[in-house]
Amino acid sequence: MDGAVMSRGSVSIEVAVLAPAFVAMMVLGGVAGRTAVASAAVEAAAHDAARAASISRDASAARDAAREAARQQLDWRGVACTSAPQVTFGGSVGGRSATFDQAFRSAVGQEATVTVEIACTVSYADIRLPALTMPNGQRITASFTSPLDRYRSRE
């Protein structure tokens, strides 16, 4: 009979030792999952923003359209950045690096592209575990380049 009592006691000790490790693994899995979802959302936001910018007629309208497209994509995917997403614009003309404005000022018939980079810091503040210190957040960036229609008038 003593062997059965000893067996039950050792199971309790094993559970007490392994339970915190299991909970920590679950929390870390949640962090990894949130990071993966946010990364995919930022990538999609960059794609949509570049596409929205590339179909605009001028640089000012393109910036507004890109920011709105990025915001809508992140909202639709449920990604909340710790602050407003950072949007950076660039471009190229004739295969050479140029500013966003220069891409829109390029001549009709000339090859030009616009690049939009989105940066978002994903928060882990709502994931708490007393024994585990969570980072404040992780910065995720993605960029996408889209061609301007070479036969469409610009600015």
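Colleague: Which residue in S2 is the bridge partner of Gly 91?
Modeller: Ala 98 is the partner of Gly 91. This is a predicted model, where local features need pLDDT of at least 70, side-chain atom pairs count only at pLDDT 80 or more, and totals for chains, interfaces and linings use all residues. Residues are numbered from 1 along each chain as its sequence is written, and side-chain values use heavy atoms, leaving out hydrogens and water.
Colleague: How many bridges pair S1 and S2?
Modeller: 3, in the antiparallel sense. Strands (E, at least two residues) and helices (H or I, at least four) are DSSP runs, numbered from the N terminus. Two strands pair if DSSP finds at least two bridges between them.
Colleague: What do S1 and S2 form?
Modeller: A hairpin, with 2 residues between them. Gly 94 in the turn has a positive phi of about 60 degrees.
Colleague: And what stands opposite Phe 89 in S3?
Modeller: Val 116 does. S1 and S3 run antiparallel, joined by 8 bridges.
Colleague: Why is S1 largely enclosed?
Modeller: Because 6 of its 8 residues are buried. Buried means under 20% relative accessible area (1.4 Å probe, protein chains only).
Colleague: New topic. Which residues have the most contacts inside the largest nonpolar core?
Modeller: Phe 100, Val 116 and Ile 118, in a core of 33 residues. H1 gives the most to this core, with 9 residues. A nonpolar core is a set of buried Ala, Val, Leu, Ile, Met, Phe, Trp, Tyr and Cys residues joined through side-chain atoms within 4.5 Å.
Colleague: What does Phe 100 touch?
Modeller: Beyond four places away in sequence, its contacts include Phe 89, Gly 91 and Val 114. Contact means heavy atoms within 4.5 Å.

Technical notes:
Buried means under 20% relative accessible area, exposed over 50%, partly exposed in between (1.4 Å probe, protein chains only).
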